[in-house]
Amino acid sequence: MSECIFCKMINKTIPITPIYEDELVLAFHDINPVAPVHVLIIPKKHIISMSDMTDDDSQYLCALAKAARMIAKQLDIDQSGFRIVANANDDGGQTVHHLHWHVLGGRRMKWPPG
Ligand code: 5GP
Ligand code: ZN
């Protein structure tokens, strides 16, 4: 497995406090939050971006969606609303090259995003 920063969190080389975890995904607070709630959900497999997912990875998509739903409820933004963002590659603004979903909430989001 590649030793990117998120893989190190999965492998516990870098300690984190998970706010949600199951056999397929791990979630934790973003180190540089851009909203009152800013959580990252990552698959426990080094997939670089949405562009690199295969049909065999669909179980991770389901797990990401389930985690997002659970986290929104846990952090009480499920009814007020939230946004899921998955930046992919350069034009998408991706800076960490291990697939992740941002779950953003706790404030009114703007559209279109920058
Ligand atoms: P991207 O720009 O790739 O969509 O998002 C990467 C996110 O990872 C950024 O929001 C950034 O703040 C977050 N991040 C980068 N390094 C760390 C870290 O060491 N710990 C945590 N919790 N978040 C990180
Ligand atoms: Zn990785």
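Modeller: Side chains of opposite charge can pair when their charged atoms come close. In this predicted model, the side chains of Lys44 and Glu21 form a salt bridge with an N to O distance of 2.8 Å. The term means a side-chain nitrogen of Lys or Arg within 4 Å of a carboxyl oxygen of Asp or Glu. Lys44 sits in the loop between strand 3 and helix 2 (58-74) and Glu21 in strand 1 (residues 20-21), so the pair ties together parts 23 residues apart in sequence. Helices (H or I, at least four residues) and strands (E, at least two) are DSSP runs numbered from the N terminus.

Biologist: What numbering and limits apply here?

Modeller: Residues are numbered from 1 along each chain as its sequence is written, while chains are lettered from A and ligands numbered from 1 in the order in which they are written. The model is predicted, so local features need pLDDT of at least 70, side-chain atom pairs count only at pLDDT 80 or more, and totals for chains, interfaces and linings use all residues; side-chain values use heavy atoms, without hydrogens and water.

Biologist: How many salt bridges does the rule give?

Modeller: The count is 2. The other pair is Lys45 with Asp57, at 2.7 Å from N to O. Both residues lie in the loop between strand 3 and helix 2, 12 residues apart. Asp57 is buried, with a relative accessible area of 3%, whereas Lys45 is partly exposed at 33%. Buried means under 20% relative accessible area, exposed over 50%, and partly exposed in between (1.4 Å probe, protein chains only).

Biologist: Is strand 3 mostly covered or mostly open?

Modeller: Strand 3 (residues 37-43) is mostly covered, with 7 of its 7 residues buried. Val37, Val39, Ile41 and Pro43 point one way, and His38, Leu40 and Ile42 the other.

Biologist: Which strands pair with strand 3?

Modeller: Strands pair if DSSP finds at least two bridges between them. Strand 2 is joined to strand 3 by 5 bridges, running antiparallel, and His29 stands opposite Val39. Strand 5 (residues 101-105) is also antiparallel to strand 3, with 5 bridges; there Gly105 stands opposite Val37.

Biologist: Which residues are closest to ligand 1?

Modeller: Of the 16 residues around ligand 1 (a heavy atom within 4 Å), the closest are Asp30, Asn87, Thr95, His100 and His102. A polar side-chain atom of Asp30 lies 2.5 Å from a ligand oxygen atom. The protein buries 81% of the 510 Å² that ligand 1 exposes when taken alone (Shrake-Rupley method, 1.4 Å probe).

Terms used: Polar contact = N/O pair within 3.5 Å; in protein donor to acceptor, adjacent residues only side chain to side chain.
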